[in-house]
Structure formats: C-alpha cells, structure tokens
Amino acid sequence: MSNRLEIAGRALQRPLCNHCLGRLFASVSRGLSDEQRGAIVRTSLPESPPPPSDIGECYICRGLFGELEKFAELSVREGEAYEFSTFLVGTKVDAETIEREESFWSEVGAKETESIKAELNREIGKIIEGRLGKPVDFKSPEMVFLIDTRFDRVVLDVAPLFVYGRYRKYSRGLPQTRWPCRECRGKGCPRCGGKGRMYDSSVQDLIGPVVMGYAQAEEDFFHGMGREDIDARMLGNGRPFVVEVRRPRVRSLDLGKIESEANAGARDKVEFLELRPSSRAEMRAIKESTHPKTYRARVRFQHDFDHGKLNEVVTSLDGKPISQLTPSRVAHRRANLERTRSVRRISVEEVSGREVVFVVEADSGTYIKELMHGDEGRTQPNVAGILGATCEVLELDVISIGDKGE
Ligand SMILES: [Zn+2]
Ligand SMILES: [Zn+2]
C-alpha cells in the first residue's frame with residue numbers, strides 16, 4: 001500500500017477530482033466506484049489537498065465528470081423515438097485528454113489504472129439505467145448511445161431486427177431478392193424503363209417492406225437459405241429466410257399480422273409461413289447452411305429414346321458424386337470452378353413419350369438443370385449423356401428443403 005500512497009502523493013501534486021484520482025487505482029478493489037475510491041485514497045493520505053472546488057480545474061478530465069447527467073439526458077432524449085430493452089454507452093473523448101491521462105500514468109507510476117472512457121461509459125450507463133429502468137447489455141445491446149463529449153452530440157447505433165420465416169413461391173418469374181438493373185445499377189435508365197431494377201417484384205419485395213412498415217425501419221435485407229432459379233417454383237415445406245431491417249423504431253411486432261398482410265399482397269405468387277423473431281446468429285447459420293434439397297424436374301428429350309435406359313440413369317446417378325463446372329448461364333458473373341456434389345437419390349416419377357419427370361435429392365449447391373442436359377459436357381455424368389439424347393428442362397420445382405421433415 002505504501003507504494004500506492006506514494007503514487008497518490010505524486011498524483012496530488014496536480015489538481016484532481018476524485019474520479020480521476022480513483023481511476024489510478026481502478027483494479028485495486030471491486031465494488032467501489034472510482035469516485036468513492038478516489039475519496040478514500042485522498043483521506044488516507046496525510047495533508048492531501050481537497051478536490052478542486054471547480055471540477056473544471058481537474059488536470060485530467062477538465063470537468064467532464066461534472067457533465068455526466070447532461071450526457072445521460074442527451075442520450076435519453078435522442079433515443080426517445082426508439083423502442084429498445086437494453087443499451088450500451090460509448091464515448092468519444094478528445095485525443096488530447098487521452099494523451100494527457102496516459103502520460104500522467106507514467107509520470108506518477110500508476111499501473112492499476114482504468115481509462116477515462118471506461119469510467120464515463122459506466123457512470124453514464126448507470127444514470128441511464130436509473131432513468132429508463134433498462135439494463136446495460138455488453139454483448140448484444142439493442143441500442144448503443146455513442147456520445148461525443150467534445151460536441152455534446154449523441155449518435156444512435158440501433159441494432160437491426162431479424163424476422164425468421166419460410167416461403168413457398170408459385171410464380172415462375174420472380175427472383176428471390178430485389179435485383180438492381182445491370183445497366184444503371186438502380187438509378188433508372190431506358191433499359192429498365194426507369195425502374196432501376198430487372199424485375200418488377202421479388203420475394204423480398206413482398207415481405208421486406210411490410211416488416212419495414214411495422215418496424216418503422218429504414219432499410220431491409222433478405223437472407224435466404226440458398227435460392228432457387230427465377231423460373232423455378234419453391235414448394236413443399238418452404239425455404240427458410242431471415243428478413244433484416246435496419247434502424248427499427250419498433251421492435252415488438254405482431255408477426256401474425258405481418259404474415260397475413262404479406263400473404264394478402266403476395267397472393268398466387270408467394271406464400272409466407274411460420275414468421276417468428278430471429279437473431280443475427282440464426283441469420284448467419286441460415287446463410288451458411290448446406291442442407292440437401294429435393295427437386296422435381298420435367299424434362300423433354302429431342303428424340304425418342306429407349307425408356308428401358310431410364311434404369312441406367314438411376315443406377316449411374318443414385319447416391320453418386322457428379323462433377324460440375326460453373327454453368328455457362330452464370331459463368332459471366334461467377335468464377336469458373338469445378339465442384340463435386342452428390343446426387344443422394346434420383347427416381348423417375350412419370351414418363352410420357354419424350355417427357356420424363358425426375359425427382360432428385362441432391363447436395364446443397366447442385367445445379368439441377370445442368371445435371372439433366374449436361375451443359376455441353378460441363379456436368380459429368382449427366383442424364384442426357386447417359387440416355388444419349390439431348391434434352392431441355394421444361395419445369396423445375398424445389399419440393400423440399402432438407403433442414404426439417406415435410
Ligand atoms: Zn477529473
Ligand atoms: Zn436501368
């Protein structure tokens with residue numbers, strides 16, 4: 001302790017408030033505020049000067065600790081329009097103050113210190129907790145007050161809101177997400193008729209704005225568990241997705257109401273189901289998941305072929321790996337890679353003349369159209385190749401996403 005008293009003695013050569021004195025010994029004991037600790041240190045030192053009568057004269061903080069109430073008040077007022085149940089405080093302090101504090105530590109030899117920002121954040125947080133009756137949350141606060149102590153300004157960092165759901169898509173002309181025009185990148189040009197997008201609507205457009213409206217948010221994002229081709233339907237148990245809205249003012253949403261409103265607007269095109277609150281972690285898991293998917297593909301062959309050979313298709317593909325180069329139809333926007341995927345199951349559901357309906361369960365990321373027609377040999381083996389007859393895919397539907405039973 002004598003060493004600590006020596007440090008305190010050296011420190012008190014300068015005018016210090018109890019906050020800035022106590023912070024020199026912040027890690028010595030728990031359960032006390034820096035201010036309380038500063039007061040104790042001061043009284044345990046014989047002939048120590050009292051704290052400066054004007055806190056503005058404190059050598060380190062220059063009065064910042066006299067402004068805690070004001071910073072809390074500014075934060076509360078700034079956040080009034082937002083619903084949140086937990087929060088955190090962050091502060092910006094001018095660089096000069098921080099440098100002054102750090103060189104003061106070495107000047108007096110203090111090693112058990114805490115930074116001025118850490119104390120400001122904690123003390124302002126305590127006042128806000130008292131005012132709002134809401135707790136500080138260090139891990140995932142719904143609101144962060146970023147207080148710039150130099151200009152008495154508070155910037156709000158509002159946590160986004162996440163909503164989980166599944167969708168079925170009955171339209172063969174609807175992309176999953178908003179697709180900005182390639183020509184003008186969203187500004188509007190002759191090619192897109194001034195709309196700035198390639199398609200009038202999308203699955204995202206049918207749900208995102210509804211969530212945005214109720215949450216009074218500013219921007220929406222759509223995260224799907226993979227995506228089907230625009231001309232493919234999404235049937236069966238539906239595809240999981242998470243809608244993310246940024247800067248929501250309302251967080252407690254009536255998701256049942258949102259679901260029926262979105263469904264009313266999406267009639268015959270898309271159906272939304274199972275809406276419930278979600279999280280960033282679940283959104284990430286959905287984006288990264290690699291569940292198998294089951295498809296139904298209606299294929300037409302250009303020539304008559306031996307129907308008996310369909311058994312050969314099944315035996316050479318069922319449970320087997322296939323190799324796929326990036327399909328020529330997407331090669332312009334994706335790197336040309338070779339990937340191996342497994343056809344977990346394949347069966348023939350219907351045969352009628354030159355038309356065959358296949359049901360295929362395959363690894364996540366398998367290109368099913370290419371598995372059928374072969375993409376000029378870029379997918380090996382492929383159905384057309386095995387049958388010795390070129391073909392085209394008339395219809396493709398996703399009939400099950402393998403994240404849960406049907
Ligand atoms: Zn001070
Ligand atoms: Zn355009």
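Residues are numbered from 1 along each chain as its sequence is written, and chains are lettered from A and ligands numbered from 1 in the order in which they are written. In this predicted model, local features need pLDDT of at least 70 and side-chain atom pairs count only at pLDDT 80 or more, while totals for chains, interfaces and linings use all residues.

The chain is assigned domain 1 (2-158), domain 2 (161-288) and domain 3 (293-401); such bounds come from an automatic or database domain assignment. Between the C-alpha centres of domain 2 and domain 3 the distance is 29 Å. Contact between these two domains involves 12 residues of domain 2 and 7 residues of domain 3, two residues being in contact if their C-beta atoms, placed from the backbone, lie within 7 Å. On the side of domain 2 that touches domain 3, there are 5 nonpolar, 3 polar and 4 charged residues. In this classification Ala, Val, Leu, Ile, Met, Phe, Trp, Tyr, Cys and Pro count as nonpolar, Asp, Glu, Lys and Arg as charged, and the others, Gly among them, as polar.

Helices and strands are DSSP runs numbered from the N terminus, with helices (H or I) of at least four residues and strands (E) of at least two. Helix α4 (residues 68-78) and helix α6 (residues 116-132) have axes that come within 9 Å and cross at roughly 55°. The axes are lines fitted to C-alpha atoms, for helices over the stretch in contact, and angles between N-to-C directions run from 0 to 180 degrees. α4 and α6 are therefore oblique to each other; angles under 35 degrees count as roughly parallel, over 145 as roughly antiparallel, 65 to 115 as roughly perpendicular and the rest as oblique. The crossing of α4 past α6 is right-handed, a crossing being right-handed if the near helix is turned clockwise from the far one by less than a right angle, and left-handed if anticlockwise. On α4 the contact is made by L68, E69, F71, A72, S75 and V76, and on α6 by E123, I124, I127, I128, R131 and L132. By class these are 8 nonpolar, 1 polar and 3 charged residues.

Apart from residues up to four places away in sequence, I127 touches L68, E69 and A72. I127 and L68 are 59 residues apart along the chain, and their C-alpha atoms are separated by 8.0 Å. I127 counts as partly exposed because it has 18 C-beta neighbours inside 10 Å. A residue is buried if 20 or more other C-beta atoms lie within 10 Å of its own, exposed if 12 or fewer, and partly exposed in between, with C-beta atoms placed from the backbone.

A second pair is formed by helix α7 (residues 203-215) and helix α8 (residues 255-265), which pack at an angle of about 140° with their axes 9 Å apart. This angle makes α7 oblique to α8. α7 passes α8 in a right-handed crossing. The residues in contact are L206, I207, V210, V211 and Y214 of α7, together with I258, E261, A262 and G265 of α8. The contact of α7 with α8 comprises 7 nonpolar, 1 polar and 1 charged residues.

Strand β13 (residues 391-401) contains I399 and E392. I399 is in contact with L235, G236, T294, Y295 and R296, leaving aside neighbours within four places in sequence. I399 has 17 C-beta neighbours inside 10 Å and so counts as partly exposed. E392 touches R300 and H373, residues up to four places away in sequence not being counted. With 13 C-beta neighbours inside 10 Å, E392 is also partly exposed. The C-alpha atoms of E392 and T43 are separated by 89 Å, and the two residues are 349 apart along the chain.

Some backbone features remain. Q380 and P381 are joined by a cis peptide bond with omega of about -15°, and P381 is located in the loop between β12 (379-380) and α12 (383-387). R62, which is not a glycine, has a positive phi of about 50°. R62 belongs to the loop between α3 (34-43) and α4 and counts as partly exposed, with 17 C-beta neighbours inside 10 Å. E274, also a residue other than glycine, has a positive phi near 60°. E274 lies in strand β7 (residues 270-277) and is partly exposed, with 13 other C-beta atoms within 10 Å.
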